[in-house]
Amino acid sequence: MESLSRHPEVLWAQRSDKVYLTIALPDARDISVKCEGEGSFSFSAVGVQGESFDFSFELFGNIVPEGCKTKAGLRNIICSIQKEEKGWWKRLLKSEEKPAPYIKVDWNKWCDEDDNESASDASDDNNAGYGEDDESSEDEGMLYLPDLEKARGN
């Protein structure tokens, strides 16, 4: 049987100048991330049991390829992607279709337009240890408007 590529869970959040993707893939190796200016993003890696994981998508807006940084932790890979223009994207992907089920909002890092953006990149990147499977999300795959009560922890 030929081994098929699988999709790791991808959590996303944004700031006015960046998009954060947290790819839940413990002990990954051979990690490859490509960012292209028109918003093309692709990822591939090999999982702990030798299975390959990959995905690619068109992001909502243009990005700065040199401003894309990747940090691999024990349980996940964090990609910080610099937006070409500051501003809030209404969704992660260019396509208006419902995103794939493996793409979810990262409520731990979510920040609304009117929230204080004083959280620095360093404090965000230090959150690499969370990422337990949170299967309790009722809004599976909905990436349009955040639930403000949930985001503020009420």
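Guide: Two strands pair if DSSP finds at least two bridges between them. Strands here are DSSP runs of E, at least two residues long, numbered from the N terminus. This is a predicted model, where local features need pLDDT of at least 70, side-chain atom pairs count only at pLDDT 80 or more, and totals for chains, interfaces and linings use all residues. Residues are numbered from 1 along each chain as its sequence is written, and side-chain values use heavy atoms, with hydrogens and water left out.

Visitor: What makes β2 and β7 a pair?

Guide: They share seven bridges, in the antiparallel sense, and the pairing rule asks for at least two, so they qualify. In one of those bridges, T22 has I78 of β7 as its partner.

Visitor: Why are β6 and β8 said to stand at the edges?

Guide: The open five-stranded sheet runs β6-β7-β2-β1-β8, with mixed pairing. β6 (69-72) and β8 each have a single partner strand, so one side of each lacks a neighbour in the sheet.

Visitor: What makes a set of residues a nonpolar core?

Guide: The members are buried Ala, Val, Leu, Ile, Met, Phe, Trp, Tyr and Cys residues, joined through side-chain atoms within 4.5 Å; buried means under 20% relative accessible area (1.4 Å probe, protein chains only). The largest one here has 28 residues, with L21, F41, F57, I81 and L92 touching the most other members.

Visitor: Which residues does L21 contact, leaving aside its neighbours within four places in sequence?

Guide: Contact means heavy atoms within 4.5 Å, and L21's list includes W12, F41, F57, I81 and L92.

Technical notes
Buried means under 20% relative accessible area, exposed over 50%, partly exposed in between (1.4 Å probe, protein chains only). Helices (H or I, at least four residues) and strands (E, at least two) are DSSP runs, numbered from the N terminus.
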